[in-house]
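Please consult the sequence and the coordinates alongside the text.

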Amino acid sequence: MNNLLAAERLKLRHNRLIISCSSLAIILPVMVIATDIFQGALPKYSIMGWVFRLASLCQYFAYPVLSGFVLTFLIQREYTDHTIINMLTAPVTRTRLLIGKLIIWATWHITMTLCYLAIVCLGAGILYGSATLYGSFYEIASFIIKFGLLHLVTLTPIAWVAVLQRKNFYPSLLCTIIFTGIGFAGLYFPKFLGSLVPWSSVPLITVPGMQVVPVLATTSICICAFFGLFMAVYSFKHQDQ
Amino acid sequence: MNDCVIETQMLTKRYGSTTVVNNVSIHVKRGRIYGLLGRNGAGKTTTMKMILGLSAISSGEVRLFGESLKKNERKLYPRIGSIIETPGFYPHLTGTENLQIFARIRGTIKQNAVQEALKTVGLPYDDKKPFSSYSLGMKQRLGIANAILNDPELLILDEPTNGLDPIGIAEVRAFIRSLSEEYGKTILISSHILTEIALLADDIGILHHGNLLEENTMADLEKKNQKYIHIQVTSQSLAAQVLERVLHTNNYTAEADNSMRIYDTGIDLVELNKALVSVGAGVSTIQICSDNLEDYFKKITGGVGIE
Amino acid sequence: MVFFVCGMIITILCFVIAALAFYLYRTKVQLMEASTIVDEIANGNMNRRLIVSKTSPVASLCYKINEIVIQTKNELFKHQQAERSYRQLATSLSHDIRTPLASLTGYLEAIQLGYVTGKEKEQYIEIALNKALDLKYYVDTLFEWLKLESGERIYHYENIDIHEYAREIVSEWIPQFEKNDICYDISVPENELFVSIDKTALKRILDNLLQNVLTHGHATFIKVSEEENDNKMAFEIQDNGVGISETDLPHIFERLYKCNTARGTKGSGLGLSIVAELVKGLHGEITVKSIKEKGTLFFLLFPLLVPEKQD
């Protein structure tokens, strides 16, 4: 596994898409925060309110889409470059190959979430002062990390689609956008339906004060994560090249 | 030690109701070059993919090095080097970086394996040129370098000369020959070009519409391809004298079991027969052997032939 | 607090031990796998290699074993190749002797059975004799070549005037050139130059090359030159005959190699390989250039040994 991850890391050298996705994920919150600092949007929101407002732009929309992009790209590229054949004839099981990819993707996703957390903390510190930030740091961090992780696990079905689509890329991108759309629309879903659909459960369960059935939401998120993972591995294992 | 490095038993591949490969049983013997000949779409690539476990087998079995491929992949893959379809590499990375990636995943046999593999195929080590700006010939070479990275016992090469210019083809061909002759590798190679296989292979299997029409040694087939008059006589010496004195030719050889080959095919058979009989050389066989390989393939593929 | 710290330390220790155990186990598995592969190599499969990850603790060991196996294999291969080529040689030789023998007995049988009488009979006897002589010549050549090949030939270095000797060898061929309507140009320096060389070997080399021009060249002009420069002796034999095709050219010095056009016709396929062996024995070099239908040029280079250094 070590070698596999090292190889995956080597593949990412001089990789423009990963670099642009990463920079986009960093520039976006920085821009928003910079505008806030210049306009002085302070009085309207409390610190948590400000974090939620920022999340609705970055974590609801941008991050899942970028993450979906990266995952699609990691998998689909092996098919378009025909490298999949060289990979599969290596003495590594197919499951490990796919898991290796997913680990790289998860690492990226988590790193980006942590970067985002750092940026938000920095912004909050400038806007609200360090004292306020200290007071609500735990709340901010747990919110952002929880949101990021839940997004990560509900995106595993994208891996499945990416395996099935081989050289195409639009099915998985479409799926990413649909999942993101559902996540956003879920805020207006009735309580039960919102908790049933995994992608809408993520914001419902993370943002405090939402109408949600916690047990149902957690279950649906778990099922979604495992289903996506299992199907991706299963399809990859039984795929004809 | 099992003599067959690759052995497939009634290998079949079906996609829905269409059968792409039908009951193919090939036998690739240790240390030999096996040429899989067939037109585009005859099922060569699919067969190779099944042998490599890239494609699921509908029915039949693949045995590599005397072991079933299924469940033994991890043990068997290190012993095989392959190029299937176009050589696949990461376009934004250099050849060296690409090989380093695969060396990392597959393990290596020596410290500077990547460097040596590149040297063997004549590509620069640690240069700045990304794979995407490689010429087709260089791409194919890198594919070969990747295949021989771990000095494998078995090489499976799918149309390795496809798309190369004549010089490149000759180079690759010579290289494959040397791999077999000097390094004793077993090689399975596919091609849709008859001459390609004829020049390289020791054994040949002909695939046509997914069926293995013939499996034979090249030497056997070549016998059918030479142009000469074959005679069998009771007295070689008398026949030799007749050839020289009456038919004025020195272009013949005396073979074992009283047969002779006359390479001067301009000789009239009737005249030859008459002359031989007149001295009592006792002719029992007289025939022109001029079966051309190409004609032969036409015959067995039912008239369509191979490009 | 103490409990907490102790707990932490114990947990960390447990992790370290587990990691070490796993590491040990992996190394053991790798060694066992390597051992089965080495067993297979010991059983004769020299193509087997140990494949390990660069970072593995057994990597350098495996690399070393591989190196030894590759070396052994290369040596083994050389032996096998020599053996194989000797077997090929034996088959080839029996073939080369059978054909002229068949022809020879053919003529004798025809005489014995009374197919020919009188003058024709005389003619037949002459042909048979010539064929027998040819065969003898072939067997002699073969013997000479075998001696060369096995390294049994002993080179006798003598002090001779090389220019005089070269002129002597070539002039013996002049009647043959004239008989075959070949114009010739011989240029050998007039001065005396004593060198130490094996006379018979040099004569054999030049004779074989000139004989080749006569039998296979179909030339109308031949140029032979000898000169000394740069502490080397250089010989050039050039003709304007049929030349050697590009496919044949790399193989002409191989034993028993006959160009396609020569199959079944006169020629042992040994002449040039004898030349090559002798040139090697005299520490010289031979190169050939040829253009189809334009002619061939053989170029010989020998080190100039001054008489003092004789054996």
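The sections below treat the basis of the values, then chain A, then chain B.

## Basis of the values

This is a predicted model, in which local features need pLDDT of at least 70 and side-chain atom pairs count only at pLDDT 80 or more, while totals for chains, interfaces and linings use all residues. Residues are numbered from 1 along each chain as its sequence is written, chains are lettered from A and ligands numbered from 1 in the order in which they are written, and side-chain values use heavy atoms, with hydrogens and water left out.

## Helix contact in chain A

Helix H1 (residues 2-11) and helix H5 (residues 94-154) of chain A have axes that come within 10 Å and cross at roughly 55°. H1(A) is therefore oblique to H5(A); angles under 35 degrees count as roughly parallel, over 145 as roughly antiparallel, 65 to 115 as roughly perpendicular and the rest as oblique. Axes are lines fitted to C-alpha atoms, for helices over the stretch in contact, and angles run from 0 to 180 degrees between N-to-C directions. Helices (H or I, at least four residues) and strands (E, at least two) are DSSP runs, numbered from the N terminus.

On the H1(A) side, the contact (heavy atoms within 4.5 Å) involves A:Leu4, A:Leu5, A:Glu8, A:Arg9 and A:Lys11. Their counterparts in H5(A) are A:Arg96, A:Leu97, A:Gly100, A:Lys101, A:Ile103 and A:Ile104. The residues of this contact between H1(A) and H5(A) comprise five nonpolar, one polar and five charged. Ala, Val, Leu, Ile, Met, Phe, Trp, Tyr, Cys and Pro count as nonpolar, Asp, Glu, Lys and Arg as charged, and the others, Gly among them, as polar.

## Overall organisation of chain B

Chain B contains 11 helices and 15 strands, and its C-alpha trace spans about 75 × 45 × 40 Å along the principal axes.

The domain assignment gives domain 1 (4-218) and domain 2 (226-289) in chain B. The centres of these two domains of chain B, taken over C-alpha atoms, are separated by 46 Å.

B:Ser178 lies in helix H6 (residues 166-181) of chain B. B:Ser178 counts as buried because its relative accessibility is 16%.

B:Ser259 belongs to strand E14 (residues 259-262) of chain B and is buried, with a relative accessible area of 6%. Leaving aside residues up to four places away in sequence, B:Ser259 touches B:His230, B:Ile231, B:Gln232, B:Gln236 and B:Ala254.

Conventions. Domains from an automatic or database assignment. Buried < 20%, exposed > 50% of the residue type's maximum accessible area, 1.4 Å probe, protein only.
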